[in-house]
Amino acid sequence: MRDLAPTIKVSSLENKKQIIESKILPYFGNKEISRILPRDIIQWQNVMRSLKSNKGEPFSQGYLKSIHNQIVALFSHAYRFYGLLDNPMNRVPALGSAVDVKHDIWTEEEYQKVAEELMGDPNPYNYYAGEVLFWTGLRIGELLALTPEDVDLENRTITVSKNYYKGKDGTEYITTPKTRKGNRMIKIPEFLAEELKECMELYYDIGPHDRIFQTTSKDVFNRAKDKAAEKAGVKRIKIHEFRHSHASMLTDMVIPDNAIADRMGHKTVRMTQYYSHSYAKRQDEMADRLEQIHKGGEGNVG
């Protein structure tokens with residue numbers, strides 16, 4: 001942790017520390033690292049697979065992969081810099097997988113039902129936060145870092161150049177975006193520009209460098225959108241799945257993947273394809289068209 005701290009963001013450091021202290025050290029903390037063998041790693045992996053989340057469910061494959069990545073990093077660091085002669089991680093199978101991670105999305109119709117409920121939330125900024133997240137695909141940290149100088153109402157653009165993070169001790173940080181591609185300019189529709197203007201006018205006095213969403217937070221917004229979803233009779237989704245929803249909506253509009261990648265701040269087009277999920281109605285349409293083709297009808301799928 002000492003070696004890594006100066007090189008990565010506080011959010012990443014805290015996430016790594018949490019996994020190491022809660023999932024790795026309780027099992028290996030009293031062992032000399034040079035005496036940990038592949039069979040010990042395999043036994044530890046089986047323990048990880050048997051653990052349950054707070055909801056009583058097995059850990060997701062994605063979370064197991066995150067745990068695996070941290071123990072790999074520990075042994076690799078010891079091998080490269082601290083004289084560990086053998087790295088047992090080279091001879092054990094990986095734990096978890098990112099391939100089968102499932103994500104829910106909201107269609108435009110579903111989101112509109114939630115938005116109507118958010119309009120009645122006691123904190124008006126929760127409604128505006130939902131609007132920006134759904135219609136731009138911003139990450140929650142990018143949203144919370146926005147300032148008036150980032151919003152050009154005349155040209156209808158949002159400049160993304162920073163990220164907001166609140167540490168576990170309550171310290172607030174403004175950092176660079178998650179990736180180099182995260183620095184970007186997003187064109188927004190006219191209605192969203194008007195809503196952002198309304199949002200900023202709610203303040204008695206807001207400076208160009210003040211955060212627009214000072215009165216909400218990740219936790220506050222999460223509770224508000226879950227409550228709104230329940231009232232609207234719509235399934236709950238995670239905050240990050242607003243990004244999946246936005247990418248899926250753009251894909252459904254037949255926007256090219258490279259254009260979506262630039263808007264989302266993805267490093268690669270492949271990441272955009274991972275974020276895009278086909279709307280169920282499109283699956284129905286494709287099946288219907290294939291049925292028409294099979295029957296010799298006019299089911300052009302072009």
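# Salt bridges, burial and contacts in a predicted model

The side chains of Lys-162 and Asp-150 meet in a salt bridge, with 2.6 Å from N to O; a salt bridge is a side-chain nitrogen of Lys or Arg within 4 Å of a carboxyl oxygen of Asp or Glu. Lys-162 lies in the loop between strand 2 (157-160) and strand 3 (163-166) and Asp-150 in the loop between helix 6 (140-145) and strand 1 (151-152), so the pair ties together parts that are 12 residues apart in sequence. This is a predicted model, in which local features need pLDDT of at least 70 and side-chain atom pairs count only at pLDDT 80 or more, while totals for chains, interfaces and linings use all residues. Residues are numbered from 1 along each chain as its sequence is written, and side-chain values use heavy atoms, with hydrogens and water left out.

**Overall architecture**

- The chain contains 12 helices and 5 strands; helices (H or I, at least four residues) and strands (E, at least two) are DSSP runs, numbered from the N terminus.
- Of the 302 residues of the chain, 40% count as buried; buried means under 20% relative accessible area, exposed over 50%, and partly exposed in between, with a 1.4 Å probe and protein chains only.
- The chain exposes about 17800 Å², of which carbon and sulfur atoms supply 51%; accessible areas come from the Shrake-Rupley method with a 1.4 Å probe, and for residues only the protein chains shown count as cover.
- Among contacts in the chain with a separation of 6 or more, 63% are between residues 24 or more positions apart; contact means heavy atoms within 4.5 Å.

**Salt bridges**

- The structure holds 11 salt bridges.
- In the pair described at the outset, Lys-162 counts as buried at 17% relative accessibility, and Asp-150 is buried with a relative accessible area of 5%.
- A further salt bridge joins the side chains of Lys-225 and Asp-226, at 2.9 Å from N to O; Lys-225 and Asp-226 are both buried.
- Arg-236 also forms a salt bridge with Asp-226, the closest N and O atoms being 3.8 Å apart. Arg-236 lies in the loop between helix 8 (218-232) and helix 9 (241-252) and Asp-226 in helix 8, so the pair ties together parts that are 10 residues apart in sequence.
- Asp-226 counts as buried because its relative accessibility is 14%. Salt bridges with shared partners join Lys-225, Asp-226, Glu-230 and Arg-236 into one network.

**Surface charge**

- A patch of negative charge on the surface gathers Glu-190, Glu-194, Glu-198 and Glu-201. Patches are made of residues with over 30% relative accessible area and no salt bridge, like charges being joined within 9 Å and nonpolar side chains (Val, Leu, Ile, Met, Phe, Trp, Tyr) within 5 Å.
- For charges, Lys and Arg count as positive and Asp and Glu as negative, while His and the chain ends are not counted; the place of a charge is taken as NZ of Lys, CZ of Arg, CG of Asp or CD of Glu.
- Glu-201 lies in helix 7 (residues 190-201) and counts as exposed at 53% relative accessibility.

- Ala-145 is placed in helix 6 and counts as buried, with 2% relative accessibility.
- Not counting residues up to four places away in sequence, Ala-145 touches Asp-150, Lys-162, Asn-163, Tyr-164, Ile-174 and Arg-211. Between Ala-145 and Asn-163 the C-alpha to C-alpha distance is 5.3 Å, across 18 residues in sequence.
- Tyr-165, in strand 3, counts as buried at 19% relative accessibility. Tyr-165 and Ala-145 are 20 residues apart in sequence and 8.5 Å apart in space, C-alpha to C-alpha.
- Neighbours within four places in sequence aside, the contacts of Tyr-165 include Val-10, Ser-11, Glu-14 and Tyr-173.

- Thr-157 belongs to strand 2 and counts as buried, its relative accessibility being 9%. Leaving aside neighbours within four places in sequence, Thr-157 has contacts that include Asp-150, Met-185 and Ile-188.
- Arg-156 sits in the loop between strand 1 and strand 2 and counts as partly exposed at 28% relative accessibility.
- Phi of Arg-156 is near 55°, a positive value in a residue other than glycine. Most residues other than glycine have a negative phi.
- Thr-176 is found in the loop between strand 4 (172-175) and strand 5 (184-187).
- Leaving aside neighbours within four places in sequence, Thr-176 is in contact with Lys-9, Ser-161, Lys-162 and Asn-163.
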